[in-house]
Amino acid sequence: MLADAATDSRGTRSGGTATATTQAPVQITGTELAAVVAVPAVMPVAPLLPVTPTGLAARCTRALLSPWSRLSLLLVLLAGAASTVLLFHPQRLLSDGWPPQLSGAMAALVFAAAYGLCSVAFVPRPLLNLAAGALFGSQLGTGAALAGTVLGAAISFGLGRVLGQDALRPLLRGRWLKAADGQLSKHGFRSMMAARLFPGLPFWGVNYCAAVSRMRWMPFLLATALGSIPNTAAYVVAGARASSPTSPAFLIAMACIALPALGGAVVAWRKRHHLRAR
């Protein structure tokens, strides 16, 4: 075996080509070296969970911000507004004791603001519209009354949406309540236009029903402004021409007030018989 190994060694040295190959050293550039170097993995950080405050102060805060507490606050505000109207009669200020130093456009703006607040406090809008006509005439009175109508509707809608919606929506379980909520939520503009044109529906009740539904702000305000024009203008013209009850303008205004009311009563009566038959 030693002889064979020696023979193979000599044969390889003396003749033939060497079969063993020597590998040259590999040159690694800086870019390749940076790619080869292992980057340490970043350990995932667990998300921080919100810390719920505890203690008496936290419980009191949650209780005050609960839906039923906000609804109670809304009822207290409305009761206070109604009591203020009954005690101080601010509507008399609009018709009898208007400050003489206010006149023109500034007086109309002040009247519109007072109109909006009084409508939220359950003052009947026909009285406010008659006062607008008696104080400012047909054109300026109609503008002031419409501005006050939209302002009062916006205040009522905002109060109902912020303070009453979360507490009252779970109570919409009856068939009629669900149907009304679906109509107001899906067809807000059309439903509000019909409600404003129909003279038998109370202004404040429509505002809060719309607030409890999912009706959006813009359809509510736009339909309120457009749908309130006929009835508001009729009352304002009647108030402006009340000193001459035999004038054509006064008679036309009274007809515009009476005919929609009569039509609404007929429609309500027919719907009543139809529902009773079902």
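**Figure 1. Helix α9 goes past helix α10 in a right-handed crossing.** Right-handed here means that the near helix is turned clockwise from the far one by less than a right angle, and left-handed that it is turned anticlockwise. The model is predicted, so to speak with some care: local features need pLDDT of at least 70, side-chain atom pairs count only at pLDDT 80 or more, and totals for chains, interfaces and linings use all residues. Residues are numbered from 1 along each chain as its sequence is written, and side-chain values use heavy atoms, with hydrogens and water left out. Helix α9 covers residues 188–197 and helix α10 covers residues 203–212; their axes come within 10 Å and cross at roughly 165° (axes are lines fitted to C-alpha atoms, over the stretch in contact for helices, with angles from 0 to 180 degrees between N-to-C directions). That angle makes α9 roughly antiparallel to α10 (under 35 degrees is roughly parallel, over 145 roughly antiparallel, 65 to 115 roughly perpendicular, the rest oblique).

**Figure 2. Which residues does α9 bring to α10?** From α9 come M192, A195 and R196, and they meet F203, V206, N207 and A210 of α10; contact means heavy atoms within 4.5 Å. Sorted by class, the residues of this contact are five nonpolar, one polar and one charged (Ala, Val, Leu, Ile, Met, Phe, Trp, Tyr, Cys and Pro are nonpolar, Asp, Glu, Lys and Arg charged, the others, Gly among them, polar). In the loop between α9 and α10 sits F198. With 27% relative accessibility, F198 counts as partly exposed (buried is under 20% relative accessible area, exposed over 50%, partly exposed in between, with a 1.4 Å probe and protein chains only). A265 is 67 residues away from F198 along the chain, yet their C-alpha atoms are separated by 9.5 Å.

**Figure 3. Helix α4 meets helix α7 in a left-handed crossing.** The axes of α4 (residues 67–88) and α7 (residues 125–168) come within 7 Å and cross at roughly 135°. This makes α4 oblique to α7. On the α4 side, P67, W68, R70, L71, L73, L74 and L77 take part, and they meet L159, G160, V162, L163, G164, D166, A167 and L168 of α7. The tally for this contact is eleven nonpolar, two polar and two charged residues.

Figure 4. Is N129 buried or exposed? N129 is buried, at a relative accessible area of 0%. If you skip the neighbours within four places in sequence, N129 is in contact with Y115, A145, T232, Y235 and V236.

**Figure 5. F122 in the loop between α6 (104–120) and α7.** F122 isn't a glycine, but its phi is positive, about 70°. For context, most residues other than glycine have a negative phi. At 29% relative accessibility, F122 counts as partly exposed.

**Figure 6. The protein as a whole, with 13 helices and zero strands.** Helices (H or I, at least four residues) and strands (E, at least two) are DSSP runs, numbered from the N terminus. Of the 278 residues, 28% are buried. Take the contacts between residues at least 6 apart in sequence: 75% of them join residues at least 24 apart. The accessible surface comes to about 18400 Å², and 70% of that belongs to carbon and sulfur atoms (Shrake-Rupley method, 1.4 Å probe; for residues, only the protein chains shown count as cover).
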